[in-house]
Amino acid sequence: MTIRVRFAPSPTGNPHIGNIRTVVFNWLFARQHNGKFILRIEDTDRSRYTPNAVKAIEESLRWLRLDWDEGPDVGGPYGPYTQSERLALYQEKATELIEKGLAYRCNCPTERLEVIREQQRAAGVDTPMYDGHCRNLPPDAISPDEPHVVRLKVPHTGETTVHDMLRGDVTFENKRIDDQILLKSDGFPTYHLAVVVDDHLMKISHIIRADEWLPSTPKHILLYQAFGWTPPTFVHVPLVMGKDGKKLSKRHGAVSVTDFRQQGYLPETVLNFLAMLGWSPGEGDEREIFTREELLETFELSRVKLSSAVFSYDKLDWLNGTYIRNMDPEELLERLIPFWQDAGLVPSPVPAEMSETLEQIVPLIQERLKRLKDVVELTDFIFTEIETPPAEKLVGKKMTPQESLLALQAVQALLSSLVNFDAITMEPPMRQLAKDLGLKAGRIFNLVRVATSNKRVAPPLFGSIEAIGRKRTLQRLSRAEETLAQLIATESSAKK
RNA sequence: GACCCCAUCGUCUAGUGGCCUAGGACGUCGGCCUCUCAAGCCGAAAACAGGGAUUCGACUUCCCUUGGGGUCACCA
């Protein structure tokens, strides 16, 4: 049997990371079995349709390199792959069921339905359901031409069993299953009809979808039975939760693929992380880092956990940092440039004379980045003018303002005298200078760091200064010295 | 509320009756290294929800309780 799986999102916005985790499972499963991965757009709810959502979905998948074999853009033998283009098909299938006596037209107004639900709830009914008003009307009682919906005639007795690949058999009582609407009054199918018809017609072999669908799966099975079709294999995978144990949503932080991308998470990281959320390689294999190829080799759908997993932003950060550290510096530079440009620190295109500086900066920050975007805050002082640090920030630890000023002046003199203004050249004399002044090297370095970056935390000093350049470094030192001098002056006048 | 799913450190997980005085990873804490911050290295604290049953023996099997989650639309 050919493995055929699908991702069937409804175009309502940027794809959610939880949904993408399910896509990762689908995609891995398809690819490792030489099967097909299909993208199908379920746009049957016109009220929720978002124009650019299909683009966003496709871009997100492409970013993660989750390629599809059939879909709206690439076509395929079972198209079209957008449900709104298949309307006639669903109507035809619904009519077929009506003719078989397995479905019926219903023209109960929404208001009446709402009243019934209210009453049932008030009466303490467990599962509010349609009251069957139109269920046993003669077939011609409602004309196909008047507004109506089509409902499935669900048997009132017996039970329906879902065979789930991961959970085994899950049985539901038919009397608790409502006469599901298949076709809405606007002529569009509901999810239940469309998904069954399309999965069957597109020869889907495995429906790998989120847990939340399990309760509606018996409805789908009933539909397969009504059509006389064999249901595919169902695989319900757990939901992804936020820190508080609820379904992951915006209030937990980044949730869309776009969010993660914009914050500077690497697609490799996200793929790796998502695959490990609810799946692990098993006994004796304690790897955390998996390349796409390794995942393809190792992933096993049957090993997916049944319990829901909490999305850990901390672990994602660690993973991303690990990927960044292992990356080729040239490649890292390429990926960093857009973030510098977005922040307005580097012009686009990158001026030729700047690229050397950028190359030089990368090793300074590579092991300090968790997200690519962090590069902005970490290196902005190299590109833009800094505010001169306030005097109190310029007084070294356990040092007087006078000592600090003297130290900075000495550094300035030293740096002006160097033949080559680069990190390797400047470090030994700087250390010697500290010794000569009777100061710990760290003290003086930190002082210079603040003076040249206005930050207490910054990349390694000498590399940073080299990137800033001699002229601007000396300028910043001068300004810092002036500030200190002023402080000293006001302090001494205050004493008098 | 009803139905359904789930249940090992704070989090992601290993574990399919004896290998478990429960392993790894993130995070946390401590130390080393160190020009700050990271990174790296070393170390520590940290879990089998509770109760029955089966068994010579249960983290591992069964039942109940508890807890968490999901679903109950002319949304998917």
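Helices and strands are runs assigned by DSSP and numbered from the N terminus, a helix having at least four residues and a strand at least two. These labels are used throughout for the model above, which is predicted.

Helix α6 covers residues 217-227. Just after α6 comes Gly228, whose phi is positive, at about 80 degrees. Within the helix, the buried residues are Thr217, Pro218, Lys219, His220, Leu222, Leu223 and Ala226. Their packing partners are both helices and strands: α3 (87-99) and α5 (191-201), together with β4 (149-152), β5 (159-164), β6 and β9 (233-237).

Asn34 has a phi of about 60 degrees and sits in the loop between α1 (17-32) and β2 (36-39).

For Pro72 the count of C-beta neighbours inside 10 Å is 20. A residue is buried at 20 or more, so Pro72 counts as buried. What does Pro72 touch, leaving out residues up to four places away in sequence? The residues are Leu39, Ile41, Val54, Tyr81 and Thr82. Pro72 and Arg40 are 32 residues apart along the chain, while their C-alpha atoms are separated by 6.8 Å.

Pro80 is placed in the loop between α2 (53-63) and α3 as well. Another cis bond runs from Ser348 to Pro349, with omega near 0 degrees. Pro349 is in the loop between α11 (329-342) and α12 (352-365).

The next topic is a pair of helices. Two packed helices are described by the angle between their axes and the distance between the axes. For α17 (residues 441-453) and α18 (residues 461-468), the axes come within 10 Å and cross at roughly 30 degrees. Angles under 35 degrees count as roughly parallel, and α17 and α18 are therefore roughly parallel to each other. The crossing of α17 past α18 is left-handed. On the α17 side, the contact is made by Phe445, Val448, Arg449, Thr452 and Ser453. On the α18 side, Leu461, Ser464, Ile465 and Ile468 take part. By class, the contact consists of five nonpolar residues, three polar and one charged.

The last topic is RNA strand B. How many residues surround RNA strand B? There are 65, and the closest are Glu42, Ser307, Val310, Trp318 and Gly442. Both α17 and α18 are among the elements that give two or more residues to the surface near RNA strand B. The others are α4 (110-122), β6 (168-173), β11 (309-310) and α10 (313-325). This surface has 24 nonpolar, 17 polar and 24 charged residues.

How values were computed. Residues numbered from 1 in each chain as written. Chains lettered and ligands numbered in written order. Predicted model: local features only at pLDDT ≥ 70, side-chain atom pairs only at ≥ 80, totals over all residues. Axes fitted to C-alpha atoms, helices over the stretch in contact; angles between N-to-C directions. Parallel < 35°, antiparallel > 145°, perpendicular 65-115°, else oblique. Left-handed = near helix turned anticlockwise from the far one by under 90°. Contact = placed C-beta atoms within 7 Å. Nonpolar A, V, L, I, M, F, W, Y, C, P; charged D, E, K, R; others polar. Near = placed C-beta within 6 Å. Buried ≥ 20, exposed ≤ 12 C-beta atoms within 10 Å, placed from the backbone.
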